[in-house]
Amino acid sequence: GERQECPGFAEIARPTRTSLDRRAPLDDPLHTSETLAVRPVLALAGCGPRLEVALDSGGAEPPGIVSLAGRTPRSELVMAAVDLLFRASGLEARELGAVVATRGPGSFTGIRVALATAQGLATALQIDCYGIPSLLVQAWRAGGPCIAVQPARRGLVYAQRFAHSAGLPEPRGPIETRPLASLAGSALPVVGPAGLHLPPGTPLAATTGSTAEALLAFARSAE
């Protein structure tokens, strides 16, 4: 099957150290700046079975996280989750420094909602927004060699092999569409989003944090 990604958003392999453009579109390489280092960052992970939203205040406190699953359209949930995180943190939207979102592969509806929300917030607040491949974010959670997966349709997953270099995940091959059942007995540990039920016998990668937390950490790593 075809990969479910929003058209027009180019692949971002890893962060690049370039100058900051406050109107940078989501298909630009990930930018870095002092602003991203110290100001709050919002993460939207919409590619998996659950919608995850996280807000990093930029201070010593751990990020606030909302994780939602169910039949309610995600477009009706995402801004409610964002508002909840702002109210819980005591921050105002105008204090936000950047928005990061997963851009696929994965749930087409989730990708579209996450990217549209990120672009809408960035335009309204005149801040930066970045789209990061969902498999790259999953590989970040593993912290070592792995197969990162995202759900596809009809019992399939999107899968890609990764190694790690200088603390960042590095793709080791193309994105493949393969049966979910084929992950059992994999030679490499497998990492996927919460809510994706892997078959018995699948070696699981040791992970740290949620997908949205990994998205925040990945963005901060480029500073």
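**Backbone exceptions, fold and cavity in the predicted model**

Arg154 is exposed, with a relative accessible area of 71%. The model to which this value belongs is predicted. Arg154 counts as exposed because the relative accessible area of 71% falls in the class defined as over 50%. The residue is placed in the loop that joins strand 6 (146-151) to strand 7 (156-165). Its backbone carries a positive phi of about 55°, although Arg154 is not a glycine.

Gln126 is a further non-glycine residue with a positive phi, here near 55°. This residue sits in the loop between helix 3 and strand 5 (128-132). The relative accessibility of Gln126 is 42%, so the residue counts as partly exposed; that class covers values between the limit for buried, under 20%, and the limit for exposed, over 50%.

The peptide bond leading from Gly104 into Pro105 is cis, and its omega is near 5°.

The elements named above belong to a protein with five helices and 10 strands. The chain has 223 residues, and 49% of them count as buried. The accessible surface of the protein amounts to about 10100 Å². Carbon and sulfur atoms contribute 53% of this surface.

One cavity of 30 Å³ or more is present in the structure. The volume of the largest cavity is about 80 Å³. A total of 13 residues line the largest cavity, and those closest to its centre are Ala45, Gly48, Arg50, Pro193 and Thr211. By residue class, the lining of the largest cavity is made up of five nonpolar, six polar and two charged residues.

Technical notes: Residues numbered from 1 in each chain as written. Predicted model: local features only at pLDDT ≥ 70, side-chain atom pairs only at ≥ 80, totals over all residues. Heavy atoms only, no water. Helix = DSSP H or I, 4+ residues; strand = E, 2+ residues; numbered from the N terminus. Buried < 20%, exposed > 50% of the residue type's maximum accessible area, 1.4 Å probe, protein only. Areas by Shrake-Rupley, 256 points an atom, 1.4 Å probe, with all protein chains shown as cover. 1 Å grid on protein atoms, 1.4 Å probe; cavity = no way out; pocket = protein on both sides within 12 Å on 5 of 7 lines; lining within 4 Å. Points joined across faces, edges and corners; volume = space filled by probe spheres on them. Nonpolar A, V, L, I, M, F, W, Y, C, P; charged D, E, K, R; others polar.
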